[in-house]
4 protein chains.
Amino acid sequence: MEFNNCSPIYLQIIDNIKQDVVMGKLKTGQKMPSVRELAGKIKVNPNTIQRVYQELEREKITFTKRGMGTYLTDEEKIIKLLEEEISDKIIQEFINGMNKLGFSNDKIIGILQEYL
Amino acid sequence: MEFNNCSPIYLQIIDNIKQDVVMGKLKTGQKMPSVRELAGKIKVNPNTIQRVYQELEREKITFTKRGMGTYLTDEEKIIKLLEEEISDKIIQEFINGMNKLGFSNDKIIGILQEYL
Amino acid sequence: MEFNNCSPIYLQIIDNIKQDVVMGKLKTGQKMPSVRELAGKIKVNPNTIQRVYQELEREKITFTKRGMGTYLTDEEKIIKLLEEEISDKIIQEFINGMNKLGFSNDKIIGILQEYL
Amino acid sequence: MEFNNCSPIYLQIIDNIKQDVVMGKLKTGQKMPSVRELAGKIKVNPNTIQRVYQELEREKITFTKRGMGTYLTDEEKIIKLLEEEISDKIIQEFINGMNKLGFSNDKIIGILQEYL
DNA sequence: GTGGTCTAGACCACA
DNA sequence: GTGGTCTAGACCACG
């Protein structure tokens with residue numbers, strides 16, 4: 001896995017996991033790799049993964065069974081929210097960029113349709 | 001002006017200038033600030049600005065009059081191309097992001113319309 | 001049964017038994033389980049239970065009949081004292097906590113009434 | 001500063017700080033000691049304090065000026081909420097304890113008044 | 001100087 | 001084995 005310097009590694013890992021969840025690569029209720037396993041796989045310190053899982057748990061995207069491991073939530077509502085959160089971020093970034101270029105919201109859709 | 005570590009500073013400055021051109025903040029044919037002036041204004045090494053102007057000239061976005069300074073091109077065609085280049089970049093990034101989330105091109109427009 | 005690390009396990013067991021006595025779950029004069037039985041039930045070393053019973057007997061809460069086992073006292077006075085001891089501990093802890101927060105004793109009752 | 005083993009050190013520090021805020025020992029808007037300073041003072045690793053401040057910031061109890069330090073919030077609303085959170089926790093624990101002993105809510109106030 | 005991130009390595013409780 | 005906490009020490013960007 002490759003990381004850039006724009007944002008902390010742990011945030012990049014979080015975003016990747018969220019994306020995998022939304023795309024269905026990771027399925028609801030599924031067991032996540034252990035802290036050490038994932039750390040070894042992507043060549044990162046276990047503490048970093050620990051922080052990733054901690055953050056994901058705070059956002060209710062994962063839950064933890066003591067001594068058993070970390071699991072993806074099986075609440076569809078959370079997944080739904082996550083999907084909206086991520087796509088909204090992308091859409092907002094797009095609209096902002098186009099607005100900066102001087103395109104009104106009305107024109108944006110036209111341009112997009114033309115592009116596709 | 002703020003810079004991030006993802007891409008070289010000179011590229012970030014170039015993008016900013018291009019954006020200003022497209023938005024009309026900088027007008028065709030207008031004289032650009034001198035290397036030293038711009039360098040001082042955004043607190044950057046003059047060599048960096050030198051490289052910025054060099055690159056802009058290579059792309060025909062600016063031209064230099066010996067001893068007079070650097071000027072924005074007044075060829076509308078160039079501006080037009082520039083506008084397309086930038087907006088295409090934004091659009092492409094948007095489409096890529098949505099595709100990664102599993103949305104087909106057909107769905108993207110629907111989602112965007114709903115969002116606006 | 002779950003234990004924490006703040007105080008020795010035997011003290012935690014004693015507190016639980018005292019609570020059961022006060023609540024009437026254990027009735028005056030009743031035979032207590034044998035050391036081995038209780039140790040097995042709550043998965044604790046018999047020596048720990050031995051110490052529990054020893055301590056309870058020292059406080060006159062239980063007495064032993066040689067060869068017959070351990071029994072809860074049937075002296076109401078002891079039970080009464082026990083009840084006061086436990087509730088006083090809880091109340092004192094509560095008052096201390098509220099005092100630390102800057103509430104005078106006068107205010108505490110008002111706050112409690114409001115809460116209930 | 002002394003810590004027990006019941007809960008993580010960082011949580012105990014957080015609770016202490018919250019208590020100081022509620023009691024007015026720390027005043028709104030005030031600068032908190034730096035990570036390293038506090039770490040040295042209470043003989044704890046800077047990372048632990050880092051986590052403390054991070055958690056407090058997440059709860060909006062502190063905010064951070066980059067390169068300047070960590071500051072207590074000056075929003076009275078947050079402080080008010082904090083005060084309620086802490087006192088509610090203490091009160092709830094008290095009521096639970098008394099209920100376990102078989103005292104109804106009605107009786108609790110009477111007992112408390114008698115005690116004081 | 002500040003907070004923020006990261007690595008390395010350790011110990012703990014739980015199952 | 002698992003996650004959770006903690007220490008030690010390092011480097012970074014910001015002001």
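Select K18(D) first. In this predicted model, K18(D) counts as buried, at 6% relative accessibility. Color by element of secondary structure and look at what is joined: K18(D) sits in helix α1 of chain D, and E59(D) in the loop between α3 and β1 (62–65) of chain D.

**Chain A, K18 and E59**

Move to chain A and select K18(A) and E59(A). Their side chains meet in a salt bridge, 3.1 Å from N to O. K18(A) belongs to helix α1 (residues 9–23) of chain A and E59(A) to the loop between α3 and β1 (62–65), so the pair ties together parts 41 residues apart in sequence. Check the surroundings of each partner. K18(A) is buried, with a relative accessible area of 5%. E59(A) is partly exposed, at 29%.

**Chain C, D15 and K89**

Next, pick D15(C) and K89(C). Here the salt bridge spans 3.4 Å, N to O. D15(C) lies in helix α1 (residues 9–23) of chain C and K89(C) in helix α4 (residues 76–100), 74 residues apart. D15(C) is partly exposed, with a relative accessible area of 36%. K89(C) also counts as partly exposed, at 48%.

Select E55(A), R58(A), E55(D) and R58(D) together. These four residues are linked in a network of salt bridges. Over all chains, the count of salt bridges comes to 18.

**Where chain D meets chain C**

Hide the rest and show chains C and D. How many residues of chain D are in contact with chain C? The answer is 29, and they touch 28 residues of chain C. The two chains bury about 2700 Å² between them, 80% of it on carbon and sulfur atoms. Highlight I91(D), L101(D) and Y115(D): within chain D, these lose the most area to chain C, together 23% of what that side buries.

Now trace the helices. α1 (9–23), α4 (76–100) and α5 (105–115) of chain D each supply at least two residues to the side that touches chain C. α4(D) gives the most, with 13 residues. Color that side by class and you get 17 nonpolar, 8 polar and 4 charged residues. Search for salt bridges across this interface and the rule finds 0. Polar contacts come to 2 residue pairs, both at pLDDT 80 or more.

**Around DNA strand F**

Finish at DNA strand F. It is surrounded by 22 residues, and the closest are V35(A), I9(D), N45(D), N47(D) and T48(D).

- R36(A): a base nitrogen of DNA strand F is 3.0 Å away.
- N45(D): a base nitrogen of DNA strand F is 2.9 Å away.
- Y10(D): a phosphate oxygen of DNA strand F is 3.4 Å away.

Then show the elements behind this surface. Those giving two or more residues are α2 (35–41), α3 (46–58) and β2 (69–72) of chain A, together with α1 and α3 (46–58) of chain D. By class, the surface near DNA strand F has 7 nonpolar, 11 polar and 4 charged residues.

Terms used. Residues are numbered from 1 along each chain as its sequence is written. Chains are lettered from A and ligands numbered from 1 in the order in which they are written. This is a predicted model: local features need pLDDT of at least 70, side-chain atom pairs count only at pLDDT 80 or more; totals for chains, interfaces and linings use all residues. Side-chain values use heavy atoms; hydrogens and water are left out. Contact means heavy atoms within 4.5 Å. Buried area is the accessible area (1.4 Å probe) that two parts lose on being put together, summed over both. A polar contact is a pair of N or O atoms within 3.5 Å; within protein, one must be able to donate a hydrogen and the other to accept it, and residues adjacent in sequence count only if both atoms are side-chain atoms. Helices (H or I, at least four residues) and strands (E, at least two) are DSSP runs, numbered from the N terminus. Ala, Val, Leu, Ile, Met, Phe, Trp, Tyr, Cys and Pro count as nonpolar, Asp, Glu, Lys and Arg as charged, and the others, Gly among them, as polar. A residue is near a molecule or strand if one of its heavy atoms lies within 4 Å of it. Buried means under 20% relative accessible area, exposed over 50%, partly exposed in between (1.4 Å probe, protein chains only).
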